[in-house]
Amino acid sequence: MAPEPPLLSMSGITKSFPGVRALDGVDLDVLAGEVHCLLGQNGAGKSTLIKVLAGAHQPDGGTIRWRGEPVTLRSPIAAMRLGIATIYQELDLVEHLSVAENVHLGHEPTTAGFVVRRGTARASTAALLRRLGHPEIDPARLVGELSAAQQQIVSMARALSHDVRLIVMDEPSAALDPDEVDNLFRIVGDLTADGVAVVYISHRLEEIRRIGDRVTVLKDGRAVAGGLPAKTTPTRDVVALMTGRNVEYVFPERPAVRERGRPVLEVRGLAREGEFAPLDLTVHAGEIVGLAGLVGSGRSEILETVYGARKPVSGQVLVDGRPLKVGSVRAAVRAGLGLAPEERKAQALLMLESVTRNVSVSSLSRFSRIGWIDRGAELAAARAATRELSLRPDNPAVPVRTLSGGNQQKAVLARWLLRGCRVLLLDEPTRGVDVGARAELYAVVRRLADEGLAVLLVSSEVPEVLGLADRVLVLREGRVVHTAPAAELDEHRVLDLVMEGSPAS
């Protein structure tokens, strides 16, 4: 008798976005009743692959087979009808609707095709919640009133309200405490015992060994290993598979060991509940300090809190020894802080405005005369700032939306140079930037530091942090687990630390 085909088979899946090849011929086979773990660094292609599987993205090439038959997943509804459900890390629940309404959203039990049977919906929701080990959740309660862990249970109940045969779980334990993780694993065990397959995404290798059957590792949009035994493959082997790269990083030479300049940025006991624990750090004049960690480790939240965009529950930020008013962007900017955020198009740039206005927007008072902007002075200052960074084209009158990603990032940096910032906060500085432009940006950041700027850097690319920073703080689940000069670390060591944890040092 011929062996039964995989429940799901994805072969040669490709997907490109402008300037980025997110998936480059990925293969993935999932068997009925197994937990198949998907591993890879940030940017490896995991999210894109599961969105193709969920019908949210259409692949450019490749084939998908479901129970041996080729299928086209044109929408999330089409995937759900086949029996494929996806529970994203960022839960897509409607907060102002009840638990029962969320669970049955889009397939409400009705009478005569249009009258919703609310009692039936609540009863079936209660049965699903009991199955999931959470009978205390009231089906009539608004989802927005629930904890993060309870909301995740509701999302799982919604998946199970369909005739689901495969569930994708994206970082399902991220918001759970140990007891809740145990319950999650019990649920997964019950599902697989019934023949349901689970694709499980997690950065926690201890979870993979505990719950997984097989592992596929993605790197730079490719599956570099498939079908590895989850419980017996050594951690070092998995980390080695995740760290090999096709992209070459060209970093400027790090200055020779020298005496640190004076402290410019000091963070003392800064904390935000549920995001990062009390943190101490110092960045000296001429120093680049990198924060390395996985998504959810608190990296970006730290930068935004230092900048005043988030209000801490404790701690203080000092610039040149003077404390800032916490939770105030205006106070931070006046003290000399500048932020280049992760989503520069949405959070930093005025896409319909000129380069000139984007560069000058934080310094307009310099060019204002009794309520009027001196356009000539504004243009001259913007031109000087952009030329210092070799922004191309050398025409600050053009709309910023016409620039490449690297030159858009230079426009953000030019804004803070014009403002005369003392501390530069960089969040994912080369996201969406091609390889050649990356090298230029690295050189710019290094030169700015050499000229006395204090730089605090966040990047999902571990080689970027190690190649650019002088000193690195490794974060895991909101806590600093290791601090060392960048020259004393390598990519394997950092990934070991962020995935397995380490005593603080």
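Colleague: Over how many bridges do strand 1 (residues 8–17) and strand 4 pair in the antiparallel sense?

Modeller: Strands here are DSSP runs of E with at least two residues, and helices are runs of H or I with at least four, numbered from the N terminus; two strands pair if DSSP finds at least two bridges between them. Methionine 10 has isoleucine 64, in strand 4, as its bridge partner. For strand 1 and strand 4, paired in the antiparallel sense, the number of bridges is 5.

Colleague: What is the mean pLDDT of the protein?

Modeller: This is a predicted model, in which local features need pLDDT of at least 70 and side-chain atom pairs count only at pLDDT 80 or more, while totals for chains, interfaces and linings use all residues. Residues are numbered from 1 along each chain as its sequence is written, and side-chain values use heavy atoms, with hydrogens and water left out. The score pLDDT is the predictor's confidence in each residue, from 0 to 100. A value of 70 or more is reached by 93% of the residues, and the mean pLDDT of the protein is 87.

Colleague: Which residue in the turn between strand 4 and strand 5 has a positive phi?

Modeller: Strand 4 pairs with strand 5 (residues 69–71) in the antiparallel sense over 3 bridges, and the bridge partner of tryptophan 66 in strand 5 is glutamate 69. The two strands form a hairpin with 2 residues between them, and the turn residue with a positive phi, about 55°, is arginine 67.

Colleague: Why is one side of each edge strand left without a neighbour in the sheet of 6 strands?

Modeller: The 6 strands form an open sheet in the order 18-21-22-15-23-24, with mixed pairing. Strand 18 (337–340) and strand 24 (479–485) stand at the edges, and one side of each lacks a neighbour because each has a single partner strand.

Colleague: Which residue of strand 22 is the bridge partner of leucine 424?

Modeller: Strand 21 (residues 423–427) and strand 22 (residues 454–458) pair in the parallel sense over 5 bridges. Within strand 22, the bridge partner of leucine 424 is valine 455.

Colleague: What angle does the direction of helix 9 make with that of strand 21?

Modeller: Axes are lines fitted to C-alpha atoms, for helices over the stretch in contact, and angles run from 0 to 180 degrees between N-to-C directions. Helix 9 (residues 299–306) packs on the sheet, touching strand 15 (288–292), strand 18, strand 21, strand 22 and strand 23 (471–476); contact means heavy atoms within 4.5 Å. The direction of helix 9 makes with that of strand 21 an angle of about 150°.

Colleague: At what angle to strand 13 does helix 9 run?

Modeller: A second open sheet has 4 strands in the order 14-13-16-17, with antiparallel pairing. Its edge strands are strand 14 (276–284) and strand 17 (322–323), each pairing on one side only. Helix 9 lies across strand 13 (263–272), strand 14 and strand 16, and its angle to strand 13 is about 115°.

Colleague: What is the handedness of the crossing of helix 4 and helix 5?

Modeller: The axes of helix 4 (residues 118–131) and helix 5 (residues 148–160) come within 10 Å and cross at roughly 115°. That makes the two helices roughly perpendicular (65 to 115 degrees; under 35 counts as roughly parallel, over 145 as roughly antiparallel and the rest as oblique). A crossing is left-handed if the near helix is turned anticlockwise from the far one by less than a right angle, and right-handed if clockwise. The crossing of helix 4 and helix 5 is right-handed.

Colleague: How many nonpolar residues does the contact of helix 5 with helix 6 have?

Modeller: The axes of helix 5 and helix 6 (residues 178–193) come within 12 Å and cross at roughly 10°, and the two helices are therefore roughly parallel. Ala149, Ile153, Met156 and Leu160 of helix 5 meet Glu180, Asn183, Leu184, Ile187 and Leu191 of helix 6. Ala, Val, Leu, Ile, Met, Phe, Trp, Tyr, Cys and Pro count as nonpolar, Asp, Glu, Lys and Arg as charged, and the others, Gly among them, as polar. The contact has 1 polar and 1 charged residue, and its number of nonpolar residues is 7.

Colleague: In the loop between which helices is proline 393 found?

Modeller: The peptide bond from arginine 392 to proline 393 is cis, with omega near 0°. The loop that holds proline 393 lies between helix 13 (375–388) and helix 14.
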